[in-house]
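Here are a few quick notes to read alongside the model. Have a look at the structure first, then go through the points.

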Amino acid sequence: QEAAPATITTQDIITTAKKALSPEQVTSVTQLENTVVRGDVKNQQIAINGQLAKYWGDSLNRPDIAAYYLGEEAKLENSEKKLNFAARLLISQMYAESDPAKQNWLATNVKALFEQSLQINPVNDSARIGIGACYIFGNISASPMEGILAVKAVADRDPGNLYAQMVLGKGDLKSNQLDKAIERFQFVVSKDPLNLEAIFNLAESYDRKGDKTNAINWYKKAQDMIGLPEAKKEIQDRIDALSKTDL
């Protein structure tokens, strides 16, 4: 079990983000935030959230805040498709985030979006897995086992659910259960050979296990699938570091 992290609010996130903006950009954001709504309040608020999402994402390069506003727009529209879309954007940010408090903020928003989505479509396993992932990786509970059990329930009922297997594999990797993680990632790659995320996780799992031969093999597979020169070089640096020691 882990201690619950200090929490931050959406207002904290936005206030901090504004400090990095120019005066003109702050004015544009504030004008959108303070738009007066009359009459058809709901539809006007939907439109404002959409505009804020577009501005934060396209002009200010803050995909986390943009996804938050897309989620607020989706909540008002009560659209399953848009709720899931915003949740997936936020959950990808959650996986990449290292600050526990920011993880908590992202996971809390993801959970709310998926829960509303499940009210519309109670048989959406992807939403249930997403909520489970929030408990495992999002620091929203001192007992991540709650999330593991929720995802495992889906995997037990549907072993071929690759999303469930990926989340459980990441959970195994996080808890240093490397053999279990490798087994799950191998299964995903056997069904989806071009799954770059699973390939990277396999490379990391073998790397952490000390199996340099397999780690290099999977890093090379990942390297072959990536087009960005910077990413290729970063992977090559790791391959070179592993190759310098006896295999």
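**Notes on a loop glycine, a helix asparagine and a pocket**

1. Gly-210 sits in the loop between helix 11 and helix 12 (212–225); helices here are DSSP runs of H or I, at least four residues, numbered from the N terminus. Gly-210 is partly exposed at 45% relative accessible area, as that class falls between buried (under 20%) and exposed (over 50%), with a 1.4 Å probe and protein chains only. Its C-alpha is 9.5 Å from that of Leu-242, 32 residues apart along the chain.

2. On sourcing: this is a predicted model, where local features need pLDDT of at least 70, side-chain atom pairs count only at pLDDT 80 or more, and totals for chains, interfaces and linings use all residues. Residues are numbered from 1 along each chain as its sequence is written, and side-chain values use heavy atoms, leaving out hydrogens and water.

3. Asn-84 belongs to helix 5 (residues 80–96). Is Asn-84 buried or exposed? Asn-84 counts as buried because its relative accessibility is 9%. Leaving aside residues up to four places away in sequence, Asn-84 touches Phe-114, Ser-117 and Asn-124 (contact: heavy atoms within 4.5 Å).

4. Now the second largest pocket. Its lining includes Tyr-95, Phe-137, Lys-170 and Arg-208; a pocket is an open set of points on a 1 Å grid over the protein atoms alone, where a 1.4 Å probe fits, with protein on both sides within 12 Å along at least five of seven lines, and lining residues have an atom within 4 Å of a point. Helix 11 gives the largest share of that lining, four residues.

Terms used:
Helix = DSSP H or I, 4+ residues; strand = E, 2+ residues; numbered from the N terminus.
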